Amino acid sequence: QGTIADLEEAITLSRAGLELCSSGHSGRAWILDGLASCLRDRFLELGMDCDLDEAITLHRSALDLCPTGHSDWLRLLDQLASCLSSRFEKLEAAADLDELISLPIARAALKLCPIDHPDHVMSLTTLATFLRRRFQQRGAVVDLDEAIILYQAVLEVCPSGSLASAPHLHGLAWCLSERFTKLALSTDLDDAIKFEQAALALHPQGHPDHAESLYSLN
């Protein structure tokens with residue numbers, strides 16, 4: 001298992017490698033990515049915000065050097081999104097949430113992943129979750145509208161009645177309930193109850209999520 005000393009050495013070597021690579025060097029993107037990953041690992045160990053800030057800057061630079069559609073482009077995108085998510089969870093900065101939701105950061109995975117790709121559902125639900133968080137911050141119904149569409153798309157992919165669909169049913173019910181609170185559309189309330197009941201059926205008494213689904217119906 002690596003130590004902080006190993007990380008420090010990797011960071012030093014990566015910085016030295018970066019100095020040797022001109023802006024047009026073919027390997028510069030991968031050195032930027034490697035250095036950013038080391039800095040994020042050090043942030044996870046030591047919690048220094050400056051490491052995470054620099055990692056985000058470096059991941060952006062690496063992504064700029066990698067053509068869209070390149071075999072590593074989606075991986076670099078995921079790395080950047082992961083760092084932004086970590087910083088948002090710590091600081092709750094609106095700019096980080098906006099960037100996560102923006103097309104270059106969150107939706108690109110949906111364009112590159114076919115519907116049967118294992119990352120497709122994860123990409124849909126991650127974006128829906130960020131939209132829910134932004135709605136909670138700002139109260140814009142348009143974010144709820146998009147989150148509802150995403151949850152509906154996820155449920156079309158998930159096998160009907162499978163346990164894996166339960167959190168998506170709950171997420172959809174939550175969004176519909178919140179939209180009902182805003183717009184008072186009776187169909188939203190009816191659908192929210194229907195989907196939460198479906199989630200509850202998959203969370204029988206004794207299941208760790210049973211109480212949450214039951215509470216949502218009250």
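1. Basis. The model is predicted: local features need pLDDT of at least 70, side-chain atom pairs count only at pLDDT 80 or more, and totals for chains, interfaces and linings use all residues. Residues are numbered from 1 along each chain as its sequence is written, and side-chain values use heavy atoms, with hydrogens and water left out.

2. Aromatic pair. One aromatic pair turns up in a search of the whole structure; rings of Phe, Tyr and Trp (its six-membered ring) pair if their centres lie within 6.5 Å. The ring centres of Phe135 and Trp174 are 6.2 Å apart and the planes stand at 85°, so the pair is edge-to-face (over 60 degrees; under 30 is stacked and the rest tilted). Phe135 belongs to helix α7 (residues 118-138) and Trp174 to helix α9 (residues 166-183), so the pair ties together parts that are 39 residues apart in sequence. Helices here are DSSP runs (H or I, at least four residues), numbered from the N terminus. Phe135 is buried, with a relative accessible area of 6% (buried means under 20%, with a 1.4 Å probe and protein chains only).

3. Surroundings of Trp174. Leaving aside residues up to four places away in sequence, Trp174 touches Arg132, Phe135, Gln136 and Leu144 (contact means heavy atoms within 4.5 Å). Its C-alpha atom is separated by 9.6 Å from that of Leu144, 30 residues apart along the chain.

4. Charges over rings. Arg132 lies over the face of Trp174, at 4.5 Å from the ring centre. The charged end of Lys194 sits over the ring of Phe195, 4.8 Å from its centre. The criterion is NZ of Lys or CZ of Arg within 6 Å of the ring centre and within 35 degrees of the ring normal.

5. Helices α3 and α4. Helix α3 (residues 49-65) packs on helix α4 (residues 73-91) at about 155°, with the axes 9 Å apart. That makes α3 roughly antiparallel to α4 (over 145 degrees). Axes are lines fitted to C-alpha atoms over the stretch in contact, with angles from 0 to 180 degrees between N-to-C directions. The contact includes Leu52, Ile56 and His59 of α3 and Trp73, Leu77 and Cys83 of α4. α3 passes α4 in a left-handed crossing (the near helix is turned anticlockwise from the far one by less than a right angle).

6. Helices α2 and α3. The axes of helix α2 (residues 28-46) and α3 come within 8 Å and cross at roughly 160°; the two are therefore roughly antiparallel. This crossing is left-handed. Among the residues that meet are Leu32, Leu39 and Phe43 in α2 and Leu52, Leu58 and His59 in α3.

How values were computed: Buried means under 20% relative accessible area, exposed over 50%, partly exposed in between (1.4 Å probe, protein chains only). Angles under 35 degrees count as roughly parallel, over 145 as roughly antiparallel, 65 to 115 as roughly perpendicular and the rest as oblique.
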